[in-house]
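I opened the notebook to record what I looked up today. My entries follow the model.

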Amino acid sequence: MAARRNEDNDLPKVKPNKENLRKASRIFRYLKPYRGKYILGLVFLGLTAATAIAFPMLLSRLINASGVSPVGGNTMDAVQNAKISTDELLNNINIFGIYMLLLFIAQAVFSFLG
Amino acid sequence: MLFVNVTEDMLADIRKESYNKLVQMPMTFFSSRRVGELTSRLSADISQLQDTFTTTIAEFLRQFIIIIGGIAALAWFSPQLCLVMMGTIPVLAVITIIFGRFIRKTAKQVQDKIAESSTIVEETMQGIASVKAFANEAYEILRYNKATNSVASLAKKGGMYRGAFASFIIVGLFGGIVFIIWWATTLLAKGELQVGEMIGFMFITIMVGASFGGIAELYAQIQKALGSTERIMDLLEEQPEALDISYSSADEKLKLQGEIGFNNVHFNYPSRPETEILQGLSFAVKTGEKIAIVGPSGAGKSTIIQLLMRFYNPNAGTITFDGKDALEYSLTSLRNNIAIVPQDVLLFGGSIKENIAYGKPGATDEEIVEAAKKANAHSFITGFTEGYETIVGDRGTQLSGGQRQRIAIARAVLKNPAILLLDEATSSLDSESEKLVQEALDKLMLGRTSVIIAHRLSTIRDADRILVVDKGRIVESGSHEELIRNTEGIYYNLSKLQFELTDNAKKEFLEN
């Protein structure tokens with residue numbers, strides 16, 4: 001995390017209060033000419049974070065798609081229990097795999113732009 | 001990428017503007033601050049700001065979104081497990097941060113103690129004679145032993161904390177994770193959770209935990225950034241000198257005749273309000289006159305020069321140029337008409353040519369060579385293998401005091417001012433180079449109003465008038481011949497002091 005680069009410099013810390021926050025916020029006036037870009041950056045930042053969270057959620061779907069049941073067992077049990085063909089099962093797995101690949105690509109793009 | 005783009009643009013603006021402000025600050029601003037400190041802190045502040053805008057703000061928001069979104073996702077996976085997680089991981093993350101900070105603080109204390117004990121060694125070694133004279137060896141040994149023991153015990157304590165920290169990480173953090181896995185597998189066994197959900201849950205838990213830790217770090221960064229931003233805003237909102245730096249004004253140049261008047265001028269430096277340097281100083285200089293100001297040190301001679309350049313304004317009384325109050329001129333056009341050859345000449349890093357051209361930006365090569373010739377600098381410059389392209393300044397060729405002075409004279413020649421201010425170098429140059437400098441100055445002063453602050457009386461005998469300043473007032477005034485006759489006067493006594501050392505010089509001085 002690049003934010004730690006300056007961690008050890010000697011600049012004093014300042015407790016935030018109303019007055020110094022108001023004064024410091026005037027720095028944002030220098031951001032004004034570039035406001036549009038900055039907001040766009042924030043949007044991409046939000047999307048990056050959202051894709052980061054979407055990843056474990058898709059992962060859980062992928063694993064579930066393999067048909068591993070809560071009480072153990074394996075793919076073949078799932079085929080027998082759920083009465084779906086192995087082809088169908090593999091197809092499901094592939095679909096989630098592709099979704100995840102797409103998700104990573106999206107995250108990479110958002111993170112680069114942000 | 002967007003953030004970096006925006007931030008760099010914005011920082012470039014802020015850098016430019018703060019430099020703009022800094023350069024245009026009045027001298028009072030600089031005299032009340034330590035400039036080196038000011039600029040180094042400014043650059044530290046700006047790089048802090050750079051971090052803040054490129055990473056800190058972005059990271060903060062990202063962590064924030066991950067925490068909120070992550071917790072929502074966890075609740076969606078399993079509300080029960082989410083509550084369990086919330087009760088453990090963030091708590092552990094925060095404890096880790098606080099613990100870590102505590103350890104760093106102890107490490108710093110150890111460093112300080114070590115520094116303290118080595119100060120004792122340094123002091124006693126430097127003052128070993130005193131230690132021995134007072135037969136205090138035993139006392140010093142005891143003092144050092146005490147300091148060393150406290151270093152050792154503090155370092156041991158630090159080591160113990162570090163060990164405890166490592167153990168805490170193992171037990172606490174990994175334990176916490178295992179605890180959640182254990183809870184999750186129980187749910188799994190009961191059929192309340194699926195394997196996929198459990199794995200997703202673990203991933204998000206780690207992400208959220210890391211974000212909690214990250215946000216605590218970022219908070220410290222934001223506190224620092226707040227201080228930096230405040231200081232930068234202080235500078236940006238400071239009132240600059242009333243300069244007129246627009247390019248149009250340089251074209252329609254005001255040309256002064258060179259008449260100067262000081263009317264009952266009172267002045268004290270803002271940094272020292274209790275000492276009034278000038279106490280009702282009055283004098284007048286006619287166009288083309290050559291005035292020398294002498295007096296004991298601290299009498300206010302250099303202050304007169306500073307006021308003439310309008311680095312400061314008088315507290316009371318007026319200074320006039322061509323009969324008009326100095327305040328009525330724009331600072332820029334006034335200073336364009338005055339050249340100063342200071343005591344200690346600062347050359348900027350760059351070629352000799354560039355340094356001479358500082359007197360008149362945009363001067364042609366012919367003008368520069370011409371000026372150098374008039375300043376008796378041409379021959380030594382062409383003596384360098386690279387001639388006018390020789391790099392001087394900190395990283396270049398070191399010029400002697402006399403050579404630097406002649407460069408300054410060449411600058412003044414180029415500037416071609418109506419008024420010339422000379423602050424004579426206190427340290428004397430070797431006689432050869434002094435002769436060259438003096439000759440160049442004589443040429444330069446021809447036809448201009450000149451005010452010379454003289455430290456060595458030998459150089460000012462041919463001044464039209466000599467003003468003796470003492471305690472902020474003019475106490476004597478007249479030509480050398482007039483002043484030297486008054487054996488009760490300050491001028492006579494100053495002369496006597498300076499020439500007592502060499503009888504020959506004294507004789508020569510009185511004869512002239």
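The model is predicted.

Entry 1: I started with helix 14 (residues 401-415) of chain B. It lies across strand 6 and strand 9 of chain B. Its angle to strand 6 of chain B is about 170°. Next I checked helix 15 (residues 431-445) of chain B. Helix 15 lies across strand 3 (290-294), strand 6, strand 9 and strand 10 of chain B. It runs at about 155° to strand 9 of chain B.

**Entry 2: the sheet itself.** I then read off the strand order in chain B. Six strands make an open sheet, ordered 6-9-10-3-11-12, with mixed pairing. Strand 6 (338-341) and strand 12 (473-478) of chain B are the edge strands, and each pairs on one side only. From one strand to the next, the twist averages 20°. I looked at one pair in detail. Strand 9 (residues 419-423) and strand 10 (residues 449-453) of chain B pair in the parallel sense, over five bridges. Ile419(B) stands opposite Thr449(B) there.

**Entry 3: the four-stranded sheet.** Chain B also holds an open sheet of four strands, in the order 2-1-4-5, with antiparallel pairing. Strand 2 (278-285) and strand 5 (324-325) of chain B each have a single partner strand, so one side of each lacks a neighbour in the sheet. Six bridges join strand 1 (residues 260-267) of chain B to strand 2 of chain B. Val265(B) faces Leu281(B) of strand 2 in chain B. Helix 9 (residues 301-308) of chain B lies across strand 1, strand 2 and strand 4 (316-321) of chain B. I noted an angle of about 115° between helix 9 and strand 1 of chain B.

**Entry 4: chain A.** I turned to chain A and found four helices and zero strands. Of its 114 residues, 34% count as buried. Chain A exposes about 7100 Å², and carbon and sulfur atoms supply 63% of that. Among chain A contacts between residues at least 6 apart in sequence, 76% join residues at least 24 apart.

**Entry 5: a surface patch.** Which residues form a nonpolar patch on the surface? I listed Ile95(A), Ile98(A), Tyr99(A), Leu101(A), Leu102(A), Ile105(A) and Val109(A). Together they have about 660 Å² of accessible area. Val109(A) sits in helix 4 (residues 86-113) of chain A. Its relative accessible area is 41%, so Val109(A) is partly exposed.

Methods: Residues are numbered from 1 along each chain as its sequence is written. Chains are lettered from A and ligands numbered from 1 in the order in which they are written. This is a predicted model: local features need pLDDT of at least 70, side-chain atom pairs count only at pLDDT 80 or more; totals for chains, interfaces and linings use all residues. Side-chain values use heavy atoms; hydrogens and water are left out. Patches are made of residues with over 30% relative accessible area and no salt bridge: like charges are joined within 9 Å, nonpolar side chains (Val, Leu, Ile, Met, Phe, Trp, Tyr) within 5 Å. Accessible areas come from the Shrake-Rupley method with a 1.4 Å probe; for residues, only the protein chains shown count as cover. A salt bridge is a side-chain nitrogen of Lys or Arg within 4 Å of a carboxyl oxygen of Asp or Glu. Helices (H or I, at least four residues) and strands (E, at least two) are DSSP runs, numbered from the N terminus. Buried means under 20% relative accessible area, exposed over 50%, partly exposed in between (1.4 Å probe, protein chains only). Two strands pair if DSSP finds at least two bridges between them. Contact means heavy atoms within 4.5 Å. Axes are lines fitted to C-alpha atoms, for helices over the stretch in contact, and angles run from 0 to 180 degrees between N-to-C directions.
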